[in-house]
Amino acid sequence: MSPRILLRSLSAATAAAAALALTACGAITADDATGSDDGSFKIASYIQQRIDDDKPMRIKLSYHDPSLAFATPISSGMKRAGKELGADVSLIGPTGGDAAKQVSEIQTLIQQKAVDGLAVSSASSDALKPVISQAHKAGIPIVSFNTDNPDSQQMGFVGQDLKGSGKSQAEALRKNLNGDVKGKSVVVFSVDTGAGWSHDRFNGFKEGLDGSGLKIVGPVNVGNEPSSAYNTVESTMSGQSGVVAIAGLDCCSTTAAAKWVAQSGQADDITMGGFDLLTQTAEYISRGVLNFTISQNPSEQGYQAVKVLHDFLSKGTEIKGVDTGAEFITRDNLADATLED
């Protein structure tokens, strides 16, 4: 039987500071009511009873769009953790990135007491913030993964430093550009310009280009349907001149833009950087169409999201944020890289 978890409560101010540091811990005391006035965390009595009865922890990963290729390695890592830790795990979420549906699905889990630990990759930070608070007040330990929600009541974040990775992408593009680029343009594409992760990456990207003299066009929203995404890239590029670089802020805008570069015959004239390493992405790197892509290790995101929650529940281990890193993939190290689809 697992020992009852008793940890010291955090004040609201301390909890806020911990969240900013991407770490969290809290008082874990059985309580079915809403959270305490000072914002400290109280574990739901039904979860505590499952811990005391040594039952497998039910951990759900709510991903903003499981239909995306990026969800496959996340699910793989999640299942690996579930098998290793003896947890009951599943990947849920709305097809198409519908924030309202994601909120509704999470609320149902809370109301039905059908989850012991929850990790959320949000379709919209603003839309998900209230339901993250609902889970926290209901006594369900909750973290964010893949997409951060730093102003919410999440207890930690598992994933890449999104702003930092966007800045690194811009800096790498600058290093790959030759000659005077002042007055030239870089076009930026995203599958969802309204998403928090896209905002964070783009803000970092802008910071990385500061002082370069390059004009930024975008970010342009392409959506996640491949043919539609390509058509959007094509129509966008037809109206541009002086473009020396293209950036994709995610897996699927990267492949759509790289396809356009390849078919337009401008691979020698346009420097391109993207994110994630799908099979298509690797092919474009091998062909010299794409200069580099940045992997954010989705399998590790799935694995660590489960592990930090399970360790918190079963051992009382303090939840800490996990930075899954930003690995640059080029022709030089492509053979050693792991595909993400």
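R58 counts as buried, at 17% relative accessibility (buried means under 20% relative accessible area, exposed over 50%, partly exposed in between, with a 1.4 Å probe and protein chains only). This is a predicted model, in which local features need pLDDT of at least 70, side-chain atom pairs count only at pLDDT 80 or more, and totals for chains, interfaces and linings use all residues. Residues are numbered from 1 along each chain as its sequence is written, and side-chain values use heavy atoms, leaving out hydrogens and water.

**View 1. D116 and R58 form a salt bridge.** Their closest N and O atoms are 3.0 Å apart. A salt bridge here is a side-chain nitrogen of Lys or Arg within 4 Å of a carboxyl oxygen of Asp or Glu. D116 sits in the loop between α4 and β4, R58 in strand β2 (residues 58-62), 58 residues apart. Helices (H or I, at least four residues) and strands (E, at least two) are DSSP runs, numbered from the N terminus. D116 is buried, at a relative accessible area of 0%.

**View 2. R50 also pairs with D116.** The closest N and O atoms lie 2.9 Å apart. R50 belongs to helix α2 (residues 45-52), and 66 residues separate the partners. R50 is buried too, with 17% relative accessibility.

**View 3. E207 and K163 bridge two helices.** E207 lies in α7 (residues 196-209) and K163 in α6 (residues 162-176), so the pair ties together parts 44 residues apart in sequence. The closest N and O atoms are 3.6 Å apart. E207 is partly exposed at 39% relative accessibility, as is K163 at 41%.

**View 4. Shared partners join R50, R58 and D116 into one salt-bridge network.** The whole structure holds 6 salt bridges.
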